[in-house]
Amino acid sequence: DNHGTAPLTLSSELPYQSTIKRKVRKKKHGVITANVAGTKYEIVRVVIREMGFVKTRDEDETANLIWSDSAVQQEKIAELRNYQRINHFPGMGEICRKDFLARNMTKMIKSQPQEYSFVPRTWIFPAEYTQFQNYVKELKKKRRQKTFIVKPANGAMGHGISLIRNGEKLQVQDHLIVQEYLDKPFLMEGYKFDLRVYILVTSCDPLKVFLYHDGLVRMGTEKYHPPSDSNLSQLYMHLTNYSVNKHNEHFERDETEDKGSKRSIKWFTEFLETNNLDVSKFWSDISELVVKTLIVAEPHVLHAYRMCRPGQAPGSDSVCFEVLGFDILLDRKLKPWLLEINRAPSFGTDQKIDYDVKKGVLLNALKLLNIRTSDKRRNLAQQKAEAQKRLYGQGSMKKLLPGSSDWEKQRHTLERRKEELKERLAQVRKQISKEEHENRHMGNYRRIYPPDDKTLLEKYESLLATAFQTFLAGRAASLQREMNNPLKRMKEEDILDLLEQCEIDDEKLMGKCTRQRGPKPLCSMPESAQPLRRLKNYNSDSSCDSGSSMTESGEETEKEDHNEKKEKKVSYDIEENKYKSLERSGKMNWKPSIKNTKSPSYSSPTSSTGPIRRSVSCPRSISILTMQSQAAEQRPFSAKASLQIQHASSVNRSHSLNRSPSSARVSQTPSLGTMNSSGSESLLQQKTKEQEVALTKETLLVINDMRMKFPGKTDEESELIIEDV
């Protein structure tokens, strides 16, 4: 498929030392593949090559990226793998067909007339022919005359468009759109013009919208005069479509940015600044128009997408994205009016300005999508893990029996709540990781939904709730419930606090000593983690940095549930085997000891420099400590003080699910190197034995509470295995 262009390399390092000679396999570097058989535009292929993607055969349906000029069938979207991307959403036709857009906008105008005042008054023929005639009669009584523009319901490129002033003569015809003509447009050099604004929608679950801060200004080719009976047929004056005006002999193909019949929005904003007009208000008005329009489409798109991808978890990577072309007209007060939306905007490059603008639109869009070579491999591994979960029943909640006690019901409710919070926490962290990537690779795009302004976000969410009630009333109650879920608006800190409260409630139900919330005593706060010096025989490749785990796009969140179920392993750094334990702790997921039931009465002078860690049920990535210089000054010098600090922190430290080995290894070994007296060694051995006894008791308690399923064994046989252990 890749025409043999993928480079081959040899693995330069072995993961472990071995006396047996092993055959080193040639490893093929991953490539990102793209199927562009469905497009006629050469600029798409140029951008694909510039991104380093490999073009596949026309019939290949397994490519990472599939590009099509026309809308795709829902069946094709349903068949896509999770690692694939296609450039169309199902259901987007609800705003991209002129008749569907008019119908949906009319419904929203009835409930939110002030918010949706950017659409000219529209009638759909033949259904609304009578209403249109009544409106014309009212105008006649008031001795007012308006011009109307007539368009085919599913037309494009200016075909079949005409202007009329006498609405009574208009006959009933199938599939027509009749709109009030905006007869007072903003003129530039005496010509009427419209704007082609490019919008990127990367996800509908949740909705994510980006506005490209450039575009095209498309001008008429005859000087504008208000519509009259004498000039209604002069389409070069009244229509701004490029496909219409390019046939006029007065169409100017000038390559300079301030001349010609087609210019850039970048130049237009400079023109506004030169004339002392508010450019920031211009962009904010455009952004608001776009978001409100896509809010109308969101219920339809989300419902259709969920129907196509029923097994896809909320918040996971979207297989669909879409580049939309919004046609917007400015009136003389610079108010934007929505004319139409193109779901397959032209990427033809007849002029240099087309090439520059459209190449930027496509190139920045593909960078924002973050298509990676590892997506396919990770998707296959995830499918395998999910199949194993289904096979062995892992991750499924234990069902309540009919005669369960109140205590069991409370425990079950609490466990369900914790699972829901952990799932939402994973989604929030993955979303944060995506946003970090988007912020770094946004290019000339700007995120307009969700906006940074909280007041604006609340306004949009209110409109979104209205749209769901308007378009999906009774048909998709689950989507409405999901929209109203308070967890959807919570941040990471809020979810962590709820998880901690759930753990405290669980401890109360189990009859354990509950921990106090809020600031912890100094003796229970961990000391600052000093940077560990590399030893000669220490395998540095085995260490990992948990501080950067949030920036990796989703890989840490995939491992959270797995890491949560691992037993905490303890390694004691005694003088004679400290090097061995360090090597071992790097190879396996080393974690500090489970908190003991006894709490020592002494405190550590360095305890105040470290952050408070969350408990096991409250995972949090550990931030890099910024006070290392203070911690270095407060490092204990005596063996006894070091031992007290080590014991206090290992007993009382709360753990984090995504804690890495490098952060878990606190400054123990440097101080242990100074222990020369026999009294200190005996004291260390005594403390070690006490910890061993306590850990053995806790391990037995944990095993007794576990319910283990053994492949090929019944529950009774599994119980016997546990008893033997």
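## Strand β3 and its sheet

Strand β3 (residues 33-38) runs parallel to β4, and two bridges join them; strands here are DSSP runs of E with at least two residues, helices are runs of H or I with at least four, and both are numbered from the N terminus. Within this pairing, T33 stands opposite V54 in β4. This is a predicted model, where local features need pLDDT of at least 70, side-chain atom pairs count only at pLDDT 80 or more, and totals for chains, interfaces and linings use all residues. Residues are numbered from 1 along each chain as its sequence is written, and side-chain values use heavy atoms, leaving out hydrogens and water.

Stepping back, the open sheet has four strands in the order β4-β3-β5-β6, with parallel pairing; two strands pair if DSSP finds at least two bridges between them. At the edges sit β4 (54-55) and β6 (85-86), each pairing on one side only. Helix α1 (residues 42-50) packs on this sheet and touches β3, β4 and β5 (65-68), a contact being heavy atoms within 4.5 Å. The direction of α1 makes about 175 degrees with that of β3; angles run from 0 to 180 degrees between N-to-C directions, with axes fitted to C-alpha atoms, for helices over the stretch in contact.

## Where α4 meets α9

Helices α4 (residues 98-111) and α9 (residues 279-308) pack at about 105 degrees, with their axes 10 Å apart. That makes α4 roughly perpendicular to α9, the term for angles of 65 to 115 degrees. Here N104, M105 and M108 in α4 meet T293, V296 and H300 in α9.

## The whole chain

Overall, the protein chain has 23 helices and 17 strands.

How values were computed. Angles under 35 degrees count as roughly parallel, over 145 as roughly antiparallel, 65 to 115 as roughly perpendicular and the rest as oblique.
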